[in-house]
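Visitor: Could you take me through a few details of this protein? I would like to ask questions as we go.

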Amino acid sequence: MKILTVGGGGREHAIITALSRSPQVDKLYAAPGNGGISTLAECFPVKATDIEGITELAKKLNPDYVFVAPDDPLVLGMVDKLNEAGFKTFGPKANAAILEGSKVFSKALMKKYGIPTAEYETFTDADKAIAYIKEKNSYPAVIKCDGLALGKGVIIAEDFEQAENAVKSMLLDGKFGKSGSEIVIEEYLTGPEVTVLAFTDGKTVKPMISSMDHKRAYDNDKGLNTGGMGTIAPNPLYTPEKQAECMEKIFLPTIKAMEKEGRPFKGCLYFGLMLTPKGAKVIEYNCRFGDPETQVVLPLLETDLVDIMEAIWEERLAELEVKWSDKACACVVMASGGYPEKYETGKEIGGLDEKGQCVADDTDAYVYHAGTKLDNGKFLTAGGRVLGVTSTADTLKEALDKSYAAVKSITFEKAHYRTDIGKKAL
């Protein structure tokens, strides 16, 4: 089999690594890929959002599957276009990807079908939004862009001034462009967060191993929200009881709701959950594998990912047993200094071999490349999140120890990482 994966981050490196383990795969392609991905797949400089360009590339390469990994091309309808051109794909069509593409749509769907989520209102008028915040007078307040904003379109305001500034930045200043032209203001939920990715063919849903993300830039959950500074799996707070509750009240109802709406969801559906004192509630849906959750979930997958892709494409996921390892996995993200705001790129990365893996002898960590490029045999930084240093072990503590040992042996100028990934779970 030949498989083309669309995207160029740590998530895509994790997907391509999982695909490379399949005995059914003999050729991997990526567009645009990155430095680390180029050691496993032939990379082509086509942007992940270039629907025409990716379709033309697929016609040239004629892959057996195209795995569309990032949110933007899914929301823009890349799967629809590839299907029209006769290609098998992994990922939802645009009318299902709207679950992530529009917070307003997803909140309305949850309200209509009784899926537990935070109370909310939607606004396009800044004055009305600010009046609502004043009237509610409840902080922290959560203000979200309707559309995609690289994981940065959610502001948790601690007081009225912050909330007012957030509303103005979205609706009046256009900080997030069209994505912020409509906003959702919702109640602040408390409790531990859990991410559950799930395979679904539009009818059956098979949840993956749960994970715990660390969104804030600095230790002790301080600093700005990022795309994610590290993850662990499984999440120990997600008990079998919680799992049963989520399956009954959230996972199945969501898949059934989308089917009823004429928007069957096929691919990977990401459930961002809050385990509140009143039960599990949905914070957000994503229409694809999470980043960096994928980096700790896929290493624990024992079933061939290609078999799962085939079962989803043919809508026979119910017949396939998806098996998981009972080990623990931890990923520590090494980021460029200054991320998620201004940062420099082009810094040489030390401590990696020619395949982009850690050269330190005493660790068997796997290094997923998020923002790197390969230039004359040297790996250079090329993004905010640079590497996801990942380890699997019998216990979470062992996995974390292995990842941090590897992190300490990898160097680049102004490298930044959190030192407390997984601490809450130990």
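Visitor: Is arginine 385 buried or exposed, and why?

Guide: In this predicted model, arginine 385 counts as buried because its relative accessibility is 18%, and buried means under 20%.

Visitor: Which strand does arginine 385 lie in?

Guide: Arginine 385 lies in strand 22, which covers residues 385-393.

Visitor: And what does arginine 385 touch?

Guide: Leaving out residues up to four places away in sequence, arginine 385 touches Gly227, Gly228, Asp291, Pro292, Val333, Met334, Ala335, Tyr339, Ala370 and Gly371.

Visitor: Which backbone oxygen lies 2.9 Å from a polar atom of the arginine 385 side chain?

Guide: That is the backbone oxygen of glycine 227. The backbone oxygen of aspartate 291 lies 3.2 Å from a polar atom of the side chain of arginine 385.

Visitor: Let us change topic. At what angle do helix 7 and helix 8 pack?

Guide: Helix 7 (residues 126-136) and helix 8 (residues 160-172) pack at about 160°, and their axes are 10 Å apart. The angle is over 145 degrees, so helix 7 is roughly antiparallel to helix 8.

Visitor: What is the handedness of the crossing of helix 7 and helix 8?

Guide: The crossing of these two helices is right-handed.

Visitor: Which residues meet there?

Guide: From helix 7, Ala126, Ala129, Ile130, Ile133 and Lys134 meet Phe160, Ala163, Glu164, Val167, Lys168, Leu171 and Leu172 of helix 8.

Visitor: How many residues in the contact of helix 7 with helix 8 are nonpolar, polar or charged?

Guide: By class, the contact of helix 7 with helix 8 has nine nonpolar and three charged residues, with no polar ones.

Conventions
Residues are numbered from 1 along each chain as its sequence is written. This is a predicted model: local features need pLDDT of at least 70, side-chain atom pairs count only at pLDDT 80 or more; totals for chains, interfaces and linings use all residues. Side-chain values use heavy atoms; hydrogens and water are left out. Axes are lines fitted to C-alpha atoms, for helices over the stretch in contact, and angles run from 0 to 180 degrees between N-to-C directions. Helices (H or I, at least four residues) and strands (E, at least two) are DSSP runs, numbered from the N terminus. Angles under 35 degrees count as roughly parallel, over 145 as roughly antiparallel, 65 to 115 as roughly perpendicular and the rest as oblique. A crossing is left-handed if the near helix is turned anticlockwise from the far one by less than a right angle, and right-handed if clockwise. Contact means heavy atoms within 4.5 Å. Ala, Val, Leu, Ile, Met, Phe, Trp, Tyr, Cys and Pro count as nonpolar, Asp, Glu, Lys and Arg as charged, and the others, Gly among them, as polar. Buried means under 20% relative accessible area, exposed over 50%, partly exposed in between (1.4 Å probe, protein chains only). A polar contact is a pair of N or O atoms within 3.5 Å; within protein, one must be able to donate a hydrogen and the other to accept it, and residues adjacent in sequence count only if both atoms are side-chain atoms.
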